[in-house]
Amino acid sequence: MSAWFDLPTRPRIVPILVIILGVALFGLIALTAAPATLAMVFQAHKATATLASTTTTQAISQKATTGNGAPSGPHYDLNIHGVVKGGSASTGSNGHDIFVPLQGKCNISLSPGSYQVLDPNCLDGSAAFQLPNPVASTTATTITTTYSVWARALAKPGGSSSTTTCATDLTGVLVCSTSQYITVETRSNGKSVFGNVSGSLLFVSQCIDGHLTRTPLFDSSLQNYFWSYDNNGLKLLQLRFYQLPTTVAASGTSC
């Protein structure tokens, strides 16, 4: 060993050893740090990809709907107010309101035309509403509407209502939808959101030849169309009519 470090050779050996040790130490540090560096880059790319996907989904959703679940864009509002017994239908009607009993039933007569409340007072048993003919096109299996109806329940939790579309046949016999009606109730928590109820409110669903078959409002095979409104404490049902099509099955399940 003393020969390696004698005075003549020391100036050459020491620098070589320093270089070798430095390279080995640098290599050890690089090998140790590499996995952590790769993991960090992978996580960053993963987070960026997830954020881009979420942003795209939200942008599409916001373009199609509002925060309350209804479509965005122009619409006609119809507010159906539940009123306690002895209350008045004359308070605050602006052409978009119908007043119904807070408890019990009444009929809202329907006729074709532009959107308009013809009679807002259903406290005496009947009111009247005008709305366009809903049918755009039909096939053997589907019906497409010219507009869509969306509904939500508002006011304090605890109330509910159901709405059934009815008419009379050409002999005067009452025909009401079978297993096709909307029931709404106020939420105990969270915000109330809209749902598409076009398939129920714009059609009378009858059992024909063993199948539930939809007849659109104002079809000539029926007459005297109306909504039978059955209230169980709901103070406000909000309906919105959008110029957006909805396609439903013309004939459904066995009955």
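**Figure 1. Polar contacts and surroundings of arginine 240.** The side chains of arginine 240 and histidine 75 are joined by a polar contact of 3.5 Å in this predicted model. A second polar contact, of 3.3 Å, links the side chain of arginine 240 to that of tyrosine 242. Arginine 240 belongs to strand β15. With a relative accessibility of 12%, arginine 240 counts as buried. When residues up to four places away in sequence are not counted, arginine 240 touches Asn68, Ala70, His75, Tyr76, Asp77, Ser148, Val149, Trp150, Arg152 and Phe194.

**Figure 2. The ring pair of tyrosine 76 and tyrosine 115.** Nine aromatic pairs are present in the structure. In the pair of tyrosine 76 and tyrosine 115, the ring centres are 5.0 Å apart and the planes lie at 15°, so the pair is stacked; the cut-off for stacking is an angle under 30 degrees. Tyrosine 76 is in strand β1 (residues 75–83), whereas tyrosine 115 is in the loop between β3 (103–112) and β4 (116–119), so the pair ties together parts that are 39 residues apart in sequence. Tyrosine 76 and tyrosine 115 are both buried.

**Figure 3. The ring pair of tyrosine 147 and phenylalanine 241.** The ring centres of tyrosine 147 and phenylalanine 241 are 6.3 Å apart and the planes are at 55°, so this pair is tilted. Because tyrosine 147 lies in the loop between β7 (142–145) and β8 (148–154) and phenylalanine 241 in strand β15 (residues 236–242), the pair ties together parts that are 94 residues apart in sequence. Tyrosine 147 is buried, its relative accessible area being 0%. Phenylalanine 241 also counts as buried, at 2% relative accessibility. One aromatic cluster is formed by Tyr76, Tyr115, Phe129, Tyr147, Trp227 and Phe241.

**Figure 4. Phenylalanine 129, leucine 78 and the largest nonpolar core.** In soluble globular proteins, nonpolar side chains tend to be buried together. The largest nonpolar core here has 39 residues, of which Leu78, Phe129, Leu131, Trp227, Leu239 and Phe241 touch the most other members. Leucine 78 is in contact with His96, Asp97, Ile98, Val117, Phe129, Trp227, Leu237, Gln238, Leu239 and Phe241, leaving aside its neighbours within four places in sequence. Phenylalanine 129 is found in strand β5 (residues 126–131) and counts as buried at 0% relative accessibility. A separation of 5.4 Å is found between the C-alpha atoms of phenylalanine 129 and leucine 118, which are 11 residues apart along the chain. Phe129 is also one of the members of the aromatic cluster.

**Figure 5. Threonine 144 and its contact with threonine 247.** The side chains of threonine 144 and threonine 247 make a polar contact of 2.9 Å. Threonine 144 is part of strand β7. At 17% relative accessibility, threonine 144 counts as buried, because the cut-off for that class is under 20% relative accessible area. Apart from neighbours within four places in sequence, the residues in contact with threonine 144 are Pro134, Val135, Ala136, Ser137, Pro245, Thr246 and Thr247.

**Figure 6. Arginine 214 and the ring of phenylalanine 203.** The charged end of arginine 214 is placed over the ring of phenylalanine 203, at 5.9 Å from the ring centre.

Key. Residues numbered from 1 in each chain as written. Predicted model: local features only at pLDDT ≥ 70, side-chain atom pairs only at ≥ 80, totals over all residues. Heavy atoms only, no water. Phe/Tyr/Trp six-rings, centres within 6.5 Å; stacked < 30°, edge-to-face > 60°. Helix = DSSP H or I, 4+ residues; strand = E, 2+ residues; numbered from the N terminus. Buried < 20%, exposed > 50% of the residue type's maximum accessible area, 1.4 Å probe, protein only. Lys NZ or Arg CZ within 6 Å of the ring centre and 35° of its normal. Polar contact = N/O pair within 3.5 Å; in protein donor to acceptor, adjacent residues only side chain to side chain. Contact = heavy atoms within 4.5 Å. Core = buried A, V, L, I, M, F, W, Y, C linked by side-chain atoms within 4.5 Å.
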